[in-house]
Amino acid sequence: RESTREREREREDCAMEKGKAAVAVTKEEEEDKKRYQKALEIINATEATPEVCEEAIDLLTQVLEYRCGKYGELSAECAPAFYNYGLALFSKAKLENDVFGAPVQKAMVEKAIKQLKEDEQKEQGGGKENEEAGENVEEVEGEEDDVEEEENDMELAWRNLETARLIYAKEEGHEREVADVYTALAELSMEREDFETSISDFKSALKTLEGVSGAERNLAEIHYKLCLALQLSAKDPSSKAGIMREAAEEVQKAISVLRKTDAKPGELEGILEELEEKRTELLQSTNPVMGGAGGSSSQLGFDKPKLSSKTVVMQAPVKRQKL
């Protein structure tokens, strides 16, 4: 009897421990979901800033650490956080580049000028003035560090997005997600003025969506963005006319795809009109008499890029080191 009671107590204790563990896991999962949703809300807000992106990046880092530890680095459960982590880094780097690009470039020029002055003062025994010049140089070097951080964020964004693409490709039924990753990689390359890679990734996104039902608007948007990448790549006068014609063809494809959608009457009228104007502009640019095309980068009527909460699969996050 004693042994029977002991076994019953052991079973009860074991059940209680399992119950406590289950409650703890459920609580952790709820906190993880809250962090993830908050990160998406922050990033998908109307107006994004580098500070806003940084907050989202911190939240997504916590999400990744939890999910990688629980499910494994290559699991599907980690996918959304990986994807958005890469996009958040890209958004932050792009915003900082827009805001600080010109001042930092100016600072680098000023550094060179001040260095020359410092060398001159050393030759003349500048003393105090030389000391002040050295302080100025240190300030400019600090601004150069900001440039390096921006470049690091862009590189980390690329690594995470590329890993997402590789892992997604292992599973069937994720054509839309793979296309989203290709599109993000293409936009990142276009931001870095690597137009050859950008064009290749946009084309891969289009190929991935071939035959996917209900993807007409995505296809039209990618065709248009490919047109912009082609237009920006047309720097060689000898090949410019051919590239512009190819860009015009992409606009025509976007128009054809949109006309196949089940849109409400008049819903796409404005977009189609702008696309027709863009196509005409590109074709005119191939004729020296007609004049050149402008480098518009309008989103037209397409939605502005947002960080999607769609399922994506990725490798372990490549995170920035704490300063």
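How many helices and strands make up the secondary structure of the chain? In this predicted model, the count comes to nine helices and zero strands. The order of elements from the N terminus is accordingly written α-α-α-α-α-α-α-α-α. The chain has 323 residues, and 38% of them count as buried. Its accessible surface is about 19100 Å². Carbon and sulfur atoms contribute 47% of that surface. Among contacts with a separation of 6 or more, 72% join residues 24 or more positions apart.

Helix α1 spans residues 2-43 and includes K34. K34 counts as exposed because its relative accessibility is 62%, above the 50% cut-off. In sequence, 29 residues separate K34 from V63. In space, their C-alpha atoms lie 9.5 Å apart.

Helix α8 covers residues 237-258. At 1.5 Å a residue, its 22 residues should span 32 Å. The end C-alpha atoms are 32 Å apart, so the model agrees with that expectation. Several residues of α8 are buried, including I243, M244, A247, A248, E250 and V251. The buried set also includes A254, I255, V257 and L258. Their cover includes α6 (195-208), α7 (216-233) and α9 (269-285).

The structure holds 15 salt bridges. One of them pairs the side chains of K92 and E96, at 3.1 Å from N to O. Both residues belong to helix α3 (residues 79-124). They are four residues apart, about one turn of the helix.

The relative accessible area of K92 is 3%, so K92 is buried. D153 counts as buried because its relative accessibility is 0%.

A further salt bridge joins E276 and R259, whose closest N and O atoms are 3.3 Å apart. E276 lies in helix α9 and R259 in the loop between α8 and α9, so the pair ties together parts 17 residues apart in sequence. E276 is partly exposed, at 28% relative accessible area. R259 is exposed, at 54%. Elsewhere, salt bridges with shared partners join E54, K92, E96 and D153 into one network.

Methods: Residues numbered from 1 in each chain as written. Predicted model: local features only at pLDDT ≥ 70, side-chain atom pairs only at ≥ 80, totals over all residues. Heavy atoms only, no water. Helix = DSSP H or I, 4+ residues; strand = E, 2+ residues; numbered from the N terminus. Buried < 20%, exposed > 50% of the residue type's maximum accessible area, 1.4 Å probe, protein only. Contact = heavy atoms within 4.5 Å. Areas by Shrake-Rupley, 256 points an atom, 1.4 Å probe, with all protein chains shown as cover. Expected span 1.5 Å × (residues − 1). Salt bridge = Lys/Arg side-chain N within 4 Å of Asp/Glu carboxyl O.
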